[in-house]
Every structure is written in C-alpha cells, then in structure tokens.
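Open the model in a viewer and keep the selection tool ready. The stops below run from the overall division of the chain to single residues.

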Amino acid sequence: MAAQTKPVLHGYFRSSCSWRVRIAFALKGIEFEQVPVNLIKDGGQQLTEQYKALNPMQQVPAVEIDGITLSQSLAVIQYIDETRPGPRLLPGDPKARAQVRMISDLIASGVQPLQNLYVLQKIGAEKLQWAQHFIDRGFQALEPILKQTSGKYCVGDEISMADICLVPQVYNAERFKVDLRQYPTIKRLNKTLLEIEAFKVSHPSQQPDTPADLRA
Ligand SMILES: N[C@@H](CCC(=O)N[C@@H](CS)C(=O)NCC(=O)O)C(=O)O
C-alpha cells in the first residue's frame, strides 16, 4: 500500500516506546515527521487535553498514519510491518514469530510499564530501587530465554521486533544503573544492535528534541 503522506510520530527523545517506533521506521526506510511531546516540561505535555485527544492513555508514542491514529508501540510496529515493504520485523516461521512476540511482550508488558514515569512518580523516594528491581526481575527471565532463541540477534539471525524492544529497554536499564554484568547475552545483543544504522539514527541522543547536553 502506498503511503499518501508521511506518518507523524508524537514522541519524546528519551521514551523507550517512542524509540521502538523510530527504529521500526528506520529499518523499513520510512520517512516520518516528529512532533515532540515533552514528558517533563509544563508538568508533562502528555497530560494536556489536546494530547489526550490523540492518545487517551496520555502516553507516547502516538502515530498518525494512513488516516488513522495509533498508540501502543507494538501495534504501530506490526501495522508498519504489515503495510510496508522492506525487512520483515516479524518472521514468517510461526515458531520464530511466537518467540519474537514472547520477547517483545516480556519487555513491553512485563518490564517497561513498571518503570515508566507515571508509575515512578507514584512510588516517590524509592523509585530508583523500584525500577532496578523490576528491570532485574525481567532481565533474569530474559537472559535464559535469549540464550535459547538468539543467533546474531534476539531470534536467530534476522532483526525483528524483539530487537526493537530490547535495545531501548537496555538503555533504560543503564539509566537506572542496573548492573548488566550478569546478563552476557543481553549485553552482546545490545552491543551488536547498536552498531546498526537504524538503531543509531533513532537513538535518544540524536533526536530533534534531544537537549544540547545529551546530544552525542
Ligand atoms: N504500552 C505503551 C506504553 C507507552 C508508555 O509507557 N510510554 C511512556 C514513555 S516510554 C510514557 O508516555 N510515559 C508518560 C507517563 O508515564 O506519564 C506502548 O508500547 O506504546
């Protein structure tokens, strides 16, 4: 299906879920526009009535594409995969596809929601330990799974949605100072993936809304 206009990504440079979508666009070679939604400024621009109309969950990303507005990064990635040419982000083989979804869900449902801004604001002073605990808990499950499923990438030797979820989650783990030494497979995959152009151009340090002191 030919796209009529460029998709618009409403996102935040440091949001791992926005980064997932940026990686998917980059892997597929899709040009898109970015509208920054600053999660901190003005008490959080995601909480405005204007943004709530785009995404009632008041989270980024929200993507305007082909006449519809989608939130939920995995839904966006799968829509892009189903409608755009380029490398497949979900493999054709049902077993490999299930493994990609398993890893993606583990991160997107089992780890990231427990350390997102809204949750940490409710936790208060203990937020660093809370975030570390739940990232560690997820990574302790992810490490043996990836040992089984990975080749060069998370599932075999093709880049997939699982890789798209992994790298931003490792970035979050580093931000929260999680000790990654106990996760050699996660570390290896992250290092390999960060060498790939699509992961580089979409990196939080390279975005239009990246503050000057965080630019690489
Ligand atoms: N399941 C959603 C999660 C979205 C989400 O948690 N977004 C975070 C940034 S990565 C957010 O907007 N947080 C704002 C807040 O917590 O107030 C997705 O995959 O898109």
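Begin by colouring two selections: the protein is divided into domain 1 (8–87 + 200–214) and domain 2 (94–196), with bounds that come from an automatic or database domain assignment. Residues are numbered from 1 along each chain as its sequence is written. The model is predicted, so local features need pLDDT of at least 70 and side-chain atom pairs count only at pLDDT 80 or more, while totals for chains, interfaces and linings use all residues.

**Between the domains**

The C-alpha centres of domain 1 and domain 2 lie 19 Å apart. Across the boundary, 12 residues of domain 1 are in contact with 12 residues of domain 2; contact requires C-beta atoms, placed from the backbone, within 7 Å. On the domain 1 side, select α1 and α3, the elements that give two or more residues to it. Helices (H or I, at least four residues) and strands (E, at least two) are DSSP runs, numbered from the N terminus. The largest share of that side, 7 residues, comes from α1. By type, the side of domain 1 that touches domain 2 divides into 10 nonpolar, 1 polar and 1 charged. Ala, Val, Leu, Ile, Met, Phe, Trp, Tyr, Cys and Pro count as nonpolar, Asp, Glu, Lys and Arg as charged, and the others, Gly among them, as polar.

**The ligand shell**

Next, select the ligand and the 17 residues around it, of which Ser15, Gln59, Ser73, Leu117 and Tyr118 come nearest; the test is a C-beta atom, placed from the backbone, within 6 Å. Two or more residues of the shell come from each of α1 (16–28), α3 (73–83) and α5 (117–123). The shell holds 8 nonpolar, 9 polar and no charged residues. Domain 1 and domain 2 each supply at least three residues to the shell.

**The nonpolar core**

Which residues have the most contacts inside the largest nonpolar core? Select Ala24, Ile77, Cys154, Met161, Ala162, Cys165 and Leu166, in a core of 54 residues. Such a core is a set of buried Ala, Val, Leu, Ile, Met, Phe, Trp, Tyr and Cys residues joined through C-beta atoms within 7 Å. Buried stands for 20 or more other C-beta atoms within 10 Å of the residue's own, exposed for 12 or fewer, and partly exposed for values in between, with C-beta atoms placed from the backbone. Elements that give two or more residues to this core include α4 (94–110), α6 (127–149) and α7 (161–175). The largest share, 8 residues, comes from α7. This core also draws at least three residues from each of domain 1 and domain 2. Centre on Ala162, which touches Val100, Ile103, Ser104, Cys154 and Val155, not counting residues up to four places away in sequence.

**Backbone exceptions**

Most residues other than glycine have a negative phi, and most peptide bonds are trans. Go to the peptide bond from Val60 to Pro61, which is cis, with omega near 5°. Pro61 lies in the loop between α2 (49–54) and β3 (62–65).

Then select Asp42, in the loop between β2 (33–36) and α2. Asp42 has a positive phi of about 55° although it is not a glycine. Asp42 counts as exposed because it has 8 C-beta neighbours inside 10 Å.

Gln72, in the loop between β4 (68–71) and α3, has a positive phi of about 70° and is not a glycine either. Gln72 has 17 C-beta neighbours inside 10 Å, so it counts as partly exposed.

Methods. Two residues are in contact if their C-beta atoms, placed from the backbone, lie within 7 Å.
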